[in-house]
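Here is a quick tour for someone meeting this structure for the first time. Have a look at it, then read on.

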Amino acid sequence: MLSRKNPRSGAEILRFAQNDRKGEIWGLKVVGYLFLAGLGSGAFGAAAGLDLHTNGQSRDLTNIGAWIGLLGVGVGALLLLWDLGMPHRFFRLVGNKSSLISAGTVILTVLLVLASITIIVAVFSPGISPTVYRALMVLAAGFGLATSIYVGFLLAVVKCRPFWNTPLLPLLFVVSSFSTGVSALSSVASTASGLRVPAAAADILSSGEVLLLGLELVMVAFYVATMENALPQARIAVRRWVRGDLAAVFWLGIVVGGLMLPLVLMVAGVLVPPPLVAILILAGGFSLRYGVLSAGARSLVPGEAQQAAFVR
Amino acid sequence: MENFVPPGVFFTRVNDYEAGTYPHVQRHFLPVGCMHCKDAPCVQACPSGASARRQDGIVLVDQNLCVGCRYCMVVCPYGARDFNEESNAAYFGPGPTPSEAFGAGRYPKGSVVKCTFCADRIDEAGSRGLTPGVDRDATPACVGSCIAGARFFGDLDDEDSLVCQLIRARGGKPLQEELGTEPSVYYLPR
C-alpha cells in the first residue's frame with residue numbers, strides 16, 4: 001500500500017489517478033474492441049478445437065463459432081476505426097514496421113479475411129472437403145490467438161504504466177479470450193434447437209469452460225498479488241480495484257460475477273439457463289478489459305499529482 | 001502564443017508544487033513537455049510514421065500523417081502529448097481572436113499535438129546564419145521568453161556547448177531516466 005508516513009501525498013496521488021482524464025486516453029470504444037476481438041478470437045479457437053476433437057462431426061457448432069468470431073472481430077474492428085481521430089486515414093495504420101499497432105492491424109485484417117472466407121464457405125458450399133474446412137478454421141484460430149496476444153502486448157510493453165507492464169497481462173487476456181469464446185459457443189450449443197450437437201462436443205465445451213474459468217481466477221489473483229508488490233502506480237491501481245472507485249468492477253464484474261459465480265454454478269451442477277452463465281462470463285470479460293484499461297495510470301513526474309489537485 | 005496552441009492542448013505544463021516537510025518546505029516549478037527522447041517510445045509506437053525523430057534529434061508529429069490512434073499518448077512517460085479534439089476551439093469564444101484566426105488549421109481536429117522545440121525557428125537558423133540557443137530568433141520561444149532565464153537551449157552533441165557545460169557543472173539529470181528513453185531535456189538542480 002501507499003506510504004503511511006506521508007498519507008497526504010498518497011491521497012493526492014490516488015485522487016489524481018482517479019480523476020485524471022488524460023490517464024484514460026483510450027475509453028469505452030477501445031475497451032469494447034479489446035473485449036470483442038478477444039471474444040471473437042476465442043470463438044475461433046473454440047470452434048477449431050471442437051472440429052479437431054470431434055473429427056468434423058460438429059460442423060453445425062463450428063459454423064456458429066465462426067459466426068461469433070466474425071461478428072466479434074468485425075464489430076471490434078469497427079469500434080477501433082470509430083475511435084481514431086481521423087478514421088479516413090486508417091490505411092496509414094500499417095506505416096511503421098516497429099509499431100505494435102501496425103502489426104496488429106495486419107493480423108486483424110488477415111483474421112477478418114479468413115473469417116469472411118470461412119463464413120462464405122459455410123454458407124455457400126457446405127459440402128466442402130472437411131480437410132479444407134478444418135485448415136481454414138485452424139488458420140483463423142491461429143490468427144485469432146495472435147490477435148488476443150498482440151492486444152495484451154500493446155498494453156504490456158508500455159514501460160511507464162506499471163499496472164500493464166507485465167507479461168502476465170497478455171497471458172490473462174488470452175485466457176479470458178478463450179473463456180469468453182468458449183462460453184459463448186457453449187451456451188449456443190446447449191440452447192439452440194435444430195442443431196446437431198454430438199455429446200462429445202457439449203462435454204468438451206463445458207469442461208473447457210470450467211477449466212478456463214478456474215485458470216483465469218488463479219491468474220487474476222496472481223496478477224493482483226504481483227502488482228501489489230510492484231511500482232507505486234501499480235499499487236495504486238490494485239487499491240482502486242480492491243477498495244477504490246473500481247471495486248464494483250473488480251469484485252462484482254470480474255471476480256464474483258465473471259468467474260466465481262459461473263464456476264460454482266457449473267461445478268455444483270445448478271440448473272440455470274446456460275445463456276445466463278454465458279452472460280455472466282462475458283460481462284466478466286468486459287469488466288476485466290475495462291478494469292485494466294481504467295487503472296493503467298502513468299508513473300507521475302514530480303509535482304504532477306499536486307498540480308492536478310491544485311487545478312481542481 | 002508562438003505556436004497558436006488551441007485550448008486543451010499544451011506544449012508545456014508547469015507543475016507548481018511544494019516539497020519537503022514543515023519547516024523545511026520549498027516551492028517548486030517544474031516545466032514538463034516533450035523531452036525529445038533519443039529512444040522515443042512514441043516514435044516506435046506510432047503506426048503511421050507520423051511521430052518521427054529528425055536528424056538533429058527533434059521529435060515531431062507530422063500532422064498530415066497522424067491517424068489519431070493516441071497510442072503515442074499512452075506510451076509517453078511524460079504526458080507530453082495532447083489530442084486535439086476541437087477544430088475551431090477558441091480560448092475566449094465565441095469566435096477566435098485575430099491571433100487564433102491566423103493560426104487556425106495548424107493542428108487538424110483528431111490529431112495528436114505536442115512541443116516541437118519550435119522547429120520552424122531552428123530551421124530558419126541555417127538560412128539566416130543564426131545559431132540556435134545563442135540567437136534569440138533561432139531558439140525555442142519558451143527559452144527566449146522565460147523571465148527568469150531558467151531555460152537553456154543548445155547542442156547536446158557538442159561537448160563545449162553551454163548546455164553541456166551546465167549539465168556537467170551542475171549535475172543536470174533528465175526526468176524518469178530509469179525508463180531508458182534517453183530524454184534530451186535535462187533539469188539543473190538548484
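Residues are numbered from 1 along each chain as its sequence is written, and chains are lettered from A and ligands numbered from 1 in the order in which they are written.

| Stretch of chain A | pLDDT | Contacts beyond four places in sequence |
|---|---|---|
| residues 1-8 | under 50 | five contacts |

Where pLDDT is low, the predicted coordinates should not be read in detail. Chain A as a whole averages a pLDDT of 89, and 91% of the residues score at least 70.

Now over to chain B. Strands S1 (residues 12-21) and S2 (residues 24-33) of chain B run antiparallel, joined by ten bridges; two strands pair if DSSP finds at least two bridges between them. A hairpin takes S1(B) to S2(B) through two residues, and B:Ala19 sits opposite B:Gln26 in S2(B). Strands (E, at least two residues) and helices (H or I, at least four) are DSSP runs, numbered from the N terminus.

How many residues of chain B are in contact with chain A? There are 32, and they meet 31 residues of chain A. S1, S2, helix H1 (41-45) and helix H2 (71-75) of chain B each supply at least two residues of that side. By class, the side has 19 nonpolar, ten polar and three charged residues. Nonpolar covers Ala, Val, Leu, Ile, Met, Phe, Trp, Tyr, Cys and Pro, charged covers Asp, Glu, Lys and Arg, and the others, Gly among them, are polar.

Chain B is also assigned domain 1 (1-116) and domain 2 (118-175), with bounds from an automatic or database domain assignment. Their centres, taken over C-alpha atoms, are 19 Å apart. Seven residues of domain 1 of chain B are in contact with six of domain 2 of chain B.

How values were computed
This is a predicted model: local features need pLDDT of at least 70, side-chain atom pairs count only at pLDDT 80 or more; totals for chains, interfaces and linings use all residues. Two residues are in contact if their C-beta atoms, placed from the backbone, lie within 7 Å. pLDDT is the predictor's confidence in each residue, from 0 to 100.
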